[in-house]
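Here is a short report on one protein chain. Look at the sequence and the model, then read on for what the atoms give.

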Amino acid sequence: MARFGYARVSSTDQDLTIQLEKLKAAGCTVIRSEKMSGKSADDRPELATVMQFLREGDELVVVRLDRLGRSTRDVLNLVHDLDQKGASLRILDPEMTTGGDIGRIVVTVLGMVAEMERKFILERQRAGIEAAKAAGVYAGKGRPKSMPVDEIRRRDAAGEGPAAIARALGISRTSVYRALEAKEEMQA
């Protein structure tokens, strides 16, 4: 019986170290990891790779169920695929396995809880955005612009070159070119 570990974080600025350490401590001989959203199992190539290598008697090990997926349907599909291979799922926190009927029931319930939690997070986020809009402090998606577009255009109109503008404003030449291209697109 081989243990295959799978670790995932939702974004590139998050760290996998704790998950990887726990998977090694659990005896995983192969560990695959990725940094991407868990909304759908279809878009996770490392998980697909692990699933290809699993054989009868093997275990897929994850630290928490939400690392495997947030959709109950995705989790249940993965558990079904594991069953078809004669393999099982082991979750380290809380400790459980789908090696028996009780484990499958618990995983199903936990999958539903993870999906509900995701919906609650989105609802709270939506409510926060609406409250910010009502207070007049929500400017829309994304971070505030970090380059002074008006100043770049003013300096360009005054005859300064992109390199001089970039040096003077402490930004990259690429940022200067982007601001000037946006100006051209608006005029076209």
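Val113 is partly exposed, with a relative accessible area of 43%. Here buried means under 20% relative accessible area, exposed over 50%, and partly exposed in between, with a 1.4 Å probe and protein chains only. Val113 belongs to helix H4, residues 101-134. Helices (H or I, at least four residues) and strands (E, at least two) are DSSP runs, numbered from the N terminus.

Areas come from the Shrake-Rupley method with a 1.4 Å probe; for residues, only the protein chains shown count as cover.

## Model and conventions

This is a predicted model: local features need pLDDT of at least 70, side-chain atom pairs count only at pLDDT 80 or more, and totals for chains, interfaces and linings use all residues. Residues are numbered from 1 along each chain as its sequence is written, and side-chain values use heavy atoms, with hydrogens and water left out.

## Overall layout

The protein has seven helices and five strands. From the N terminus on, their order is β-α-β-α-β-α-β-β-α-α-α-α. Of the 188 residues, 32% are buried. The protein exposes about 11600 Å², and carbon and sulfur atoms supply 53% of that area.

Contact means heavy atoms within 4.5 Å. Among contacts with a separation of 6 or more, 61% are between residues 24 or more positions apart.

## Helix H4

The buried residues of H4 are Gly103, Val107, Gly111, Ala114 and Ala132. Their cover includes H3, S4 and strand S5 (95-97). An α-helix has 3.6 residues a turn, so residues three or four places apart point the same way. After H4 comes Gly136, with a positive phi near 75°.

## Nonpolar cores

A nonpolar core is a set of buried Ala, Val, Leu, Ile, Met, Phe, Trp, Tyr and Cys residues joined through side-chain atoms within 4.5 Å. The largest one has 19 residues; Leu54, Leu60, Leu68, Leu89 and Val107 touch the most other members. Two or more residues each come from strand S1 (3-9), helix H2 (45-53), strand S3 (59-62), helix H3 (72-85) and strand S4 (88-92). H3 gives the largest share, four residues. A second, separate core has nine residues, including Val9, Leu16, Ala26 and Val61.

Leu89 has contacts with Leu60, Val62, Leu65, Leu68, Val79, Leu82, Met96, Thr97, Thr98 and Val107, leaving aside residues up to four places away in sequence.

## Salt bridges

How many salt bridges does a search of the whole structure find? It finds nine. The criterion is a side-chain nitrogen of Lys or Arg within 4 Å of a carboxyl oxygen of Asp or Glu. One of them pairs Glu95 with Arg90 at 2.5 Å, N to O. Arg90 is buried, with a relative accessible area of 16%. Arg3, Glu59, Arg90 and Glu95 are linked in a network of salt bridges.

Arg155 and Glu160 form another, at 3.1 Å. Arg155 is buried at 18%, whereas Glu160 is partly exposed at 27%. Arg64 and Asp66 also pair at 3.1 Å. Arg64 is partly exposed, at 35%.

## Two loops

Pro94 sits in the loop between S4 and S5. A cis peptide bond joins Asp93 to Pro94, with omega about 0°.

Met147 is placed in the loop between H4 and helix H5 (149-157). Met147 is partly exposed, with a relative accessible area of 23%. Setting aside residues up to four places away in sequence, Met147 touches Ile152, Ile171, Ser175, Arg178 and Ala179. The C-alpha atoms of Met147 and Ser172 are 9.6 Å apart, across 25 residues of chain.
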